[in-house]
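Please examine the model shown below.

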Amino acid sequence: MDDPDRTRQSLVARLRDPHDAEAWAEFVEIYSPLVYGTLRRRGLQDADAADVAQEVLRTVFRSMNEFQTRGRTGAFRAWLACIVRTRLADHADRRKRQTVGSGDTACQELLEDQPARDDDEELLEQEYRKCLFQWAAKQVRGEFHDSTWQAFWQTYVEGKESRHVAAALGMSVEAVYMARSRVLARLKKKTAEVEG
């Protein structure tokens, strides 16, 4: 478990130091699936999404000192969404130069299904929340007894009724509520460490 006396800085602030390997490893663990998932939802195939995601992460690494929050909430994700859009456009430009369009219906449908640029930040924000939750859950899972974790997971993630979960786990309904509350509080604390 983390040392509670250690001074916490936001992950984004720590990324300004290119030698902070722990911060960069944490960043890649959280944001790589986020960027990849966003690119997949924009229609890229697996290999292309992985390549473009690597380009996005390299750009963040090279440009981190240029990033400024100016006190805005969500500024980093907006900046990241801009980088994703730029790298996605670069990828599309490379693809245009490499191949001639087929004009078939599948290609036309793919183009029509692409979200508008205004949707990029919202899409990235949704992916971010999902990836951050998954990362935090993975980080804190070992801190709880299985019954506590199952009470949380089944009620919060799977949406099962507390009374059914309580019966299945041999717990009282109140114990299920307490377990859920404890895990949620820990998850919020873990995500706050990243978000600063």
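## Helix contacts, burial and aromatic pairs

Residues W24, F27, S32, V35, Y36, L39 and R40 of α2 are in contact with D46, A49, A50, V52, A53, V56, L57, V60 and F61 of α3, where contact means heavy atoms within 4.5 Å. By class, this contact of α2 with α3 comprises 13 nonpolar, one polar and two charged residues. Here Ala, Val, Leu, Ile, Met, Phe, Trp, Tyr, Cys and Pro count as nonpolar, Asp, Glu, Lys and Arg as charged, and the others, Gly among them, as polar.

This is a predicted model, in which local features need pLDDT of at least 70 and side-chain atom pairs count only at pLDDT 80 or more, while totals for chains, interfaces and linings use all residues. Residues are numbered from 1 along each chain as its sequence is written, and side-chain values use heavy atoms, with hydrogens and water left out.

The protein chain contains nine helices and zero strands; helices (H or I, at least four residues) and strands (E, at least two) are DSSP runs, numbered from the N terminus. Of the 196 residues in the protein chain, 38% are buried, that is, under 20% relative accessible area, with exposed meaning over 50% and partly exposed in between (1.4 Å probe, protein chains only). Among contacts in the protein chain with a separation of 6 or more, 66% are between residues 24 or more positions apart.

The axis values of two helix pairs are set out below. Axes are lines fitted to C-alpha atoms, for helices over the stretch in contact, and angles run from 0 to 180 degrees between N-to-C directions.

| Helix pair | Axes come within | Crossing angle |
|---|---|---|
| α2 (residues 21-41) and α3 | 9 Å | roughly 135° |
| α7 and α8 (residues 162-169) | 10 Å | roughly 150° |

The axes of α7 and α8 cross at roughly 150°, which makes α7 roughly antiparallel to α8. Helices α2 and α3 are oblique to each other. Angles under 35 degrees count as roughly parallel, over 145 as roughly antiparallel, 65 to 115 as roughly perpendicular and the rest as oblique.

The loop between α2 and α3 holds L44, which is buried at a relative accessible area of 11%. Leaving aside neighbours within four places in sequence, L44 is in contact with L39, A49, V52, L88 and H91. The C-alpha atoms of L44 and H91 are separated by 9.8 Å, although these residues are 47 residues apart along the chain.

In helix α7 (residues 146-157), the buried residues include T148, W149, A151, F152, Q154 and T155. Q154 counts as buried because its relative accessibility is 12%. Not counting residues up to four places away in sequence, Q154 touches G159, K160, V165 and L169. Just after α7, G159 takes a positive phi of about 75°.

Rings of Phe, Tyr and Trp (its six-membered ring) pair if their centres lie within 6.5 Å; planes under 30 degrees apart count as stacked, over 60 as edge-to-face and the rest as tilted. By this rule there are 12 aromatic pairs. One of them joins F67 and W79, a tilted pair at 5.0 Å centre to centre with 40° between the planes. F67 lies in the loop between α3 (46-63) and α4 (75-98) and W79 in helix α4, so this pair ties together parts that are 12 residues apart in sequence. Both F67 and W79 are buried. Ring pairs also link F133, F144, W149, F152, W153 and Y156 into a cluster.
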